[in-house]
Amino acid sequence: MSLPQGIKRHAIDGRDRLATRGEPVYGEPVQGEWRAWDPRRSKLGAMLEKGMDLGLPDEPTVLYLGAASGTTVGHVADFAGPTYAVEFAPRPVRDLLPVAEDRGNLFPLLKDARKPATYAHVVESDVDAVIQDVATRGQADVALRNRAFLADDGRLLAAIKARSEDVTREPETVFSEVVDRLETEYEVLETERLEPYHDDHLAVVARPQV
Ligand code: SAM
């Protein structure tokens, strides 16, 4: 699998690891300018580690939903172009701010991903990727509501957490319902469970139906 530009496998601490070039964010091991991307702490990192084809161009424009304190979106901003990071909880956004200070292309937005109209005036249209990791009920809905930001050949890269939808149901049942719902407006290109890095998560790569 070829990695998107700006991500490479690098020997850090004697191990071959995914890495991006930038200021450290979460105490990850570093080697020179390169910092290890821990797939156990990042669903997008796990998607790369599993060899999924993310379909990203060089320096993609990204809308990231569920940024938390920046563990993953910090890596994304290391290789991407403009990166809009939506997070609705004030506390993680406080920790995200210094991550953005080190990265001139990372724009934190204290917003609710279920209400894209509240940030549509800030985020440019035709982004290359919507990356979603909101771990909340209604994950398919969030992806559908944010579809309008995507370029025709853009990619939805979503991590769906089964337990956030319904703790009592089998993950596979939840996943097939979420995928069915996504398929009303997206063409699903690839899905993969994220074990052993993340239990009961399904990664989805999709593009908008045009
Ligand atoms: N993606 C992060 C990373 O890898 O660094 C971890 C994200 S964590 C699993 C899920 C985050 O989504 C939480 O910080 C939560 O506050 C946020 N979130 C959940 N629902 C949201 C919504 N509707 N709008 C914005 N953020 C949301």
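# How the terms apply here

Q: How do you know that S5 and S8 pair?
A: S5 and S8 are joined by 4 bridges and run in the parallel sense. Two strands pair if DSSP finds at least two bridges between them, so S5 and S8, with 4, qualify. Strands here are DSSP runs of E with at least two residues, helices are runs of H or I with at least four, and both are numbered from the N terminus. Within the pair, Leu65 stands opposite Gln132 in S8. A word on the model: it is predicted, and local features need pLDDT of at least 70, side-chain atom pairs count only at pLDDT 80 or more, while totals for chains, interfaces and linings use all residues. Residues are numbered from 1 along each chain as its sequence is written, and side-chain values use heavy atoms, with hydrogens and water left out.

Q: What joins S8 to S9, and in which sense do they run?
A: S8 and S9 (residues 150-161) are joined by 5 bridges and run parallel. Val127 has Leu150 of S9 as its bridge partner.

Q: Why is the crossover from S8 to S9 given a hand, and which one is it?
A: Between S8 and S9 the chain passes through helix H4 (residues 139-145), making a β-α-β crossover that is right-handed. That word applies if, with the strands pointing away from the viewer, the path from the first strand over the helix to the second runs clockwise.

Q: What makes S8 largely enclosed by the rest of the structure?
A: Buried means under 20% relative accessible area, exposed means over 50%, and partly exposed lies in between (1.4 Å probe, protein chains only). In S8, 5 of the 6 residues are buried, so the strand is largely enclosed by the rest of the structure.

Q: How do you know that H2 is mostly covered?
A: The count is 9 buried residues out of 9 in H2. Among them are Thr72, Val73, His75, Asp78 and Phe79.

Q: What makes up the largest nonpolar core?
A: It holds 30 residues, and Met47 and Leu54 have the most contacts inside it. A nonpolar core is a set of buried Ala, Val, Leu, Ile, Met, Phe, Trp, Tyr and Cys residues joined through side-chain atoms within 4.5 Å. Elements that each supply at least two residues of this core include helix H1 (43-49), helix H3 (90-101) and strand S11 (201-208). Apart from this core lies another, of 29 residues, including Ala158, Val179, Tyr186 and Leu202.

Q: Which residues does Leu54 touch?
A: Leaving aside residues up to four places away in sequence, Leu54 touches Leu44, Met47, Leu48, Arg155, Leu157 and Val205. Contact here means heavy atoms within 4.5 Å.

Q: Which residues are closest to the ligand, and how many surround it?
A: There are 19 residues around the ligand, the closest being Tyr64, Gly66, Thr72, Glu87 and Ala113. A residue is near a molecule or strand if one of its heavy atoms lies within 4 Å of it.

Q: What distance separates a ligand oxygen atom from an N or O atom in the side chain of Thr72?
A: The distance is 2.6 Å. A polar contact is a pair of N or O atoms within 3.5 Å; within protein, one must be able to donate a hydrogen and the other to accept it, and residues adjacent in sequence count only if both atoms are side-chain atoms. A ligand nitrogen atom also lies 2.7 Å from an N or O atom in the side chain of Tyr64, and a ligand nitrogen atom is 3.3 Å from a polar backbone atom of Phe88.

Q: Why do S1 and S3 stand at the edges?
A: The open sheet has 4 strands in the order S1-S2-S4-S3, with antiparallel pairing. S1 (7-12) and S3 (30-31) each have a single partner strand, so one side of each is left without a neighbour in the sheet. S1 is joined to S2 (residues 15-21) by 6 bridges, and S3 to S4 (residues 34-36) by 2.

Q: What makes Ala68 and Pro196 worth a look?
A: Most residues other than glycine have a negative phi, and most peptide bonds are trans. Ala68 has a positive phi of about 50°, and with a relative accessible area of 35% it is partly exposed. Pro196 is joined to Glu195 by a cis peptide bond, with omega about 5°.
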